[in-house]
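Here's a quick briefing to read next to the model. Have the viewer open and follow along, topic by topic.

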Amino acid sequence: GYYSQEEVKDLVAYARSKQITVIPEIEMPGHARAALSAYPQLGCTGGPYETAMFWGIFDDVYCAGKEETFAFLEDVLSEVIPLFPGQYIHIGGDECLKDKWRVCPHCQKRIEQEQLKDEFALQSYFMQRISDFVNSKGKRIIGWDEILEGGLVKDATIMSWTGEEGGIHAAKAGH
């Protein structure tokens, strides 16, 4: 199932009437198998992909080397952002395996072009680029503490779920 935009607006308004702010999470670059099954060209291998029918961590992730990936995510965020009046959009960032990026020619080219250290820095690049887009729409991102692994994304709010260290590190850095 899914919610129509009108249903989302009604839900957000109801929550607001109860002093609750609804913050959407648009998960990236991992936990994206459902999107990749519909848009296989956005992955590193081109698929085929299948929507996960059980919980888990999968190595199929958005390709960080393709401009088409960023255009798609910006389109999704441009549709979602106006529906949620709060200041935050959660962009996930957790449990992103780097296996496909290590062998993807597009991702390796991006690492070279951007002079990044490794695939962890590529994830930081990915998150910073999405953060910059979200900021341009007047919002701020929230990300899980794994987005700290390749370098801290400026202006990010960090939700630490793997332990206290990520939250402490982010707080000491002014986040």
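Just after H6, Gly138 takes a positive phi of about 85°. This is a predicted model, where local features need pLDDT of at least 70 and side-chain atom pairs count only at pLDDT 80 or more, while totals for chains, interfaces and linings use all residues. Residues are numbered from 1 along each chain as its sequence is written, and side-chain values use heavy atoms, with hydrogens and water left out. Helices (H or I, at least four residues) and strands (E, at least two) are DSSP runs, numbered from the N terminus.

**Helix H6**

- H6 covers residues 119-136, so to speak 18 residues in a row.
- From first C-alpha to last, H6 reaches 26 Å, close to the 26 Å expected at 1.5 Å a residue; the expected span is 1.5 Å times one less than the number of residues.
- Of the 18 residues in H6, 13 are buried (under 20% relative accessible area; exposed is over 50%, partly exposed in between, with a 1.4 Å probe and protein chains only).
- At the start of H6, Asp118 puts a side-chain oxygen within 3.1 Å of the backbone nitrogen of Phe120.

**The largest pocket**

- The largest pocket holds about 630 Å³ of space.
- For the method: on a 1 Å grid over the protein atoms alone, a pocket is an open set of points where a 1.4 Å probe fits, with protein on both sides within 12 Å along at least five of seven lines, and lining residues have an atom within 4 Å of a point.
- Grid points are joined across faces, edges and corners, and the volume is the space filled by probe spheres set on the points.
- Its lining has 23 residues, and those closest to the centre are Tyr2, Glu25, Ile26, Val76 and Val80.
- Helix H1 (5-17), strand E1 (25-28), helix H2 (33-38) and helix H3 (67-80) each give two or more residues to the lining, with H3 giving the most, five residues.
- By type, the lining splits into 16 nonpolar, four polar and three charged residues (Ala, Val, Leu, Ile, Met, Phe, Trp, Tyr, Cys and Pro count as nonpolar; Asp, Glu, Lys and Arg as charged; the others, Gly among them, as polar).

**The largest nonpolar core**

- There are 45 residues in the largest nonpolar core, meaning buried Ala, Val, Leu, Ile, Met, Phe, Trp, Tyr and Cys residues joined through side-chain atoms within 4.5 Å.
- Met28, Tyr62, Leu77, Phe126 and Ile130 have the most contacts inside this core.
- Suppliers of at least two core residues include strand E2 (88-92) and helix H5 (105-113), but H6 gives the most, with eight.

**Cis peptide bonds**

- Met28 is joined to Pro29 by a cis bond with omega near -10°, and Pro29 sits in the loop between E1 and H2.
- Pro48 lies in the loop between H2 and H3 and is exposed, at 84% relative accessible area.
- Twelve residues separate Pro48 from Leu36 in sequence, and their C-alpha atoms are 8.3 Å apart in space.

**Positive phi without glycine**

- His31, in the loop between E1 and H2, has a positive phi of about 50° and is partly exposed, at 33%.
- Asp155, in the loop between strand E3 (140-144) and strand E4 (157-159), has a positive phi of about 65° and is partly exposed, at 41%.

Methods
Polar contact = N/O pair within 3.5 Å; in protein donor to acceptor, adjacent residues only side chain to side chain.
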